[in-house]
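Q: I would like to go through this structure with you, one region at a time. Could we begin with a single residue and then move on to the sheets?

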Amino acid sequence: MATAKHVHTLIVGAGLSGIGLAYYMQRDCPDKSYLILESRQRSGGTWDLFKYPGIRSDSDLFTFGYEFKPWEDKKAIADGQDILKYIRETASENKIDQHIRYGRKVLSANWSSQEQCWTVQIEHSNSHVKTIEEVSCNWLFSAAGYYNYDKGYTPEFPEIEHFKGQVIHPQHWPEDLDYQGKNVVIIGSGATAVTLLPAMTDKTKHITMLQRTPTYVMSMPQSDPIANVLRALLPKRLAYKLTRNKNINISRLIWRLCQRFPKFARKIIRHSNKSLLPKNYPVDQHFNPPYNPWDQRLCAVPDGDLFNAISDGKASVVTDTIKRFNEEGIELASGETLKSDIVVTATGLNVQLFGGIKLHVDNKPVDLSDTVAYKGMMLSSIPNFAFAIGYTNSSWTLKVGLLCEHYCRLIKHMSDNNQAAACPELPSPTMPTRPLLDFGAGYVQRVLKDLPRQGFEAPWYMSMDYKVDLKNLRHGPVTDENLKLYPPSINVDVSSIKNKTINSTQQHNKTKETSAA
């Protein structure tokens, strides 16, 4: 590349995770060089990509924000533009933006055990001209999230070609979309759908959320009154720390309550929903999922805006399945037709790990399904590769921050002990494994077979508990018998490690098949 042919850490993605890692590297490993590659022309990741009305966080910004940078806005549930501004401020204040190269999509990466480094192939898009560049690095870190930025998920809808209106996916929202006085149907019931519905009621004639299955939805205050009081009385950083700890504990308590007492949690959520909806509203039809709370992510709506829109008659929820499209709209299995001018397919994401990078080890392609996650940040058989995937049951950034800290601790440890390569190795070829994410969302279930796996015990499982990760990632040792470290003069024995990983996965599959039989 024009400014670097080799760096210590190559970071893929200039979103929340990538900029966060850059901060920790500057703070904890100032002697290590890094470069951030961003395939788009702007930073911000998700918060720059999505442009649909009402785009916001579904976690409070005191936990979704960085631990090192206080969230100063009065809104705890923040708008997308405010979050984007916050991320870019972080990059600018710490001069991280000087290390970002835009229009660079990482295509593939090959680890050389002999040279103990990665060689990375990059597509550079500039003024409609694409060229291939190459850079090498000691460590490759994926901060690219877990979904495909280029294409959202839309199922096959029968006879959709007959529909004369517009069909839009939220991931590709047209900036000039005119929905003034229009009838709009949103297909979906997740975070995007419950955000879009109240945000569009100011212009639409009527808007309907069409869901196949209900989702748990809870109202929460858009502003945190305790946080605002603490800010008025205490120094900024102390107030932020206290609010952050409070919200972490509350979020963790709610999740544990839902896991341990699902029937009780269901009753609480139902009571809250009923109190915010019109009298005699069919709560059990539209807001009573067939699964337990937090088997899928619970949707938060600020100040009950979704329920307010329904109560005001501006919006409605329909729980049914789609039979077919026709010229006027959507014909349902019940026989009803939802007439629509615009249909929004808020039907989810296409999962794509590591930005779609094709990984190779010593010129041999890596099958991710043959690997097992180590500490939720590395993969068995792949040396000097790390990634950041946040929590599915809490604020994404809580997990990412701890992973970035731990990564820097590992880098420092290796530097202090003259170690050049680190590679996780399974303790036994028969170690049982399970799916990487224990999460019921459709976009996860569709691709589980293609993802890495996890074990049942540390350090081989994906912890979803902040307190556990705080103990292990921030305060626990950076090395153990499962992480093999190699000095510069010793080649990494990836062949034997890969065989063990493959055998473990195959053994688990055979065990599962035997049990099922």
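**A buried threonine and its surroundings**

A: Let us start with T243, which counts as buried at 1% relative accessibility. Please note that this is a predicted model.

Q: Which helix holds T243?

A: T243 lies in helix α7, which covers residues 236–260.

Q: And what does the side chain of T243 have as a polar neighbour?

A: A polar atom of the T243 side chain lies 2.9 Å from the backbone oxygen of A239.

Q: Which residues does T243 touch, leaving aside those up to four places away in sequence?

A: T243 touches F62, D224, A227 and L230.

Q: Let us change topic to the sheets. What is the strand order in the open sheet of five strands?

A: The order is β7-β16-β8-β9-β12, and the pairing is parallel. The edge strands are β7 (166–168) and β12 (315–319), each of which pairs on one side only. From one strand to the next, the twist averages 20°.

Q: How many bridges join β8 and β9?

A: Strand β8 (residues 183–187) and strand β9 (residues 206–211) pair in the parallel sense over five bridges. Within this pairing, N183 stands opposite H206 in β9.

Q: Which strands does helix α5 touch where it packs on that sheet?

A: Helix α5 (residues 191–200) touches β8, β9, β12 and β16 (342–345). The direction of α5 makes about 170° with that of β9.

Q: What about the open sheet of three strands: is its pairing parallel or antiparallel?

A: The pairing is antiparallel, in the order β13-β14-β15. Strands β13 (322–325) and β15 (337–339) stand at the edges with a single partner strand each, so one side of each is left without a neighbour in the sheet. The twist here averages 25° from one strand to the next.

Q: And how many bridges does β14 make with β15?

A: Strand β14 (residues 329–332) and β15 pair in the antiparallel sense over three bridges. The bridge partner of E331 in β15 is T337.

Q: Moving on to β11, which of its residues point one way and which the other?

A: In strand β11 (residues 299–302), C299 and V301 point one way, while A300 and P302 point the other way. All of these are buried.

Q: How does β11 pair with β10?

A: Strand β10 (residues 217–220) and β11 pair in the parallel sense over four bridges. The bridge partner of V217 in β11 is C299.

Q: Now the cysteines. How many disulfides are there?

A: The count comes to zero disulfides.

Q: What is the closest cysteine sulfur to that of C137?

A: The closest is in C117, at 7.4 Å, which is too far for a bond. C137 counts as buried at 0% relative accessibility.

Q: How many residues of α11 are buried?

A: 16 of its 21 residues are buried, so α11 is largely enclosed by the rest of the structure. Just after α11, N418 takes a positive phi of about 55°.

Q: Which loop holds E159, and what is its phi?

A: E159 is found in the loop between β6 (129–142) and β7. Its phi is near 60°, a positive value in a residue other than glycine. E159 is partly exposed, with a relative accessible area of 33%.

Q: And N280: buried or exposed?

A: N280 is exposed, with a relative accessible area of 72%. It sits in the loop between α8 (262–276) and α9 (283–286), and its phi is near 70°, a positive value in a residue other than glycine.

Q: Finally, is the peptide bond from A458 to P459 cis or trans?

A: That peptide bond is cis, with omega near 0°. P459 is placed in the loop between β24 (453–454) and α13 (466–474).

Notes: Residues are numbered from 1 along each chain as its sequence is written. This is a predicted model: local features need pLDDT of at least 70, side-chain atom pairs count only at pLDDT 80 or more; totals for chains, interfaces and linings use all residues. Side-chain values use heavy atoms; hydrogens and water are left out. Helices (H or I, at least four residues) and strands (E, at least two) are DSSP runs, numbered from the N terminus. Buried means under 20% relative accessible area, exposed over 50%, partly exposed in between (1.4 Å probe, protein chains only). A polar contact is a pair of N or O atoms within 3.5 Å; within protein, one must be able to donate a hydrogen and the other to accept it, and residues adjacent in sequence count only if both atoms are side-chain atoms. Contact means heavy atoms within 4.5 Å. Two strands pair if DSSP finds at least two bridges between them. Axes are lines fitted to C-alpha atoms, for helices over the stretch in contact, and angles run from 0 to 180 degrees between N-to-C directions. A disulfide is a pair of cysteine sulfur atoms within 2.5 Å.
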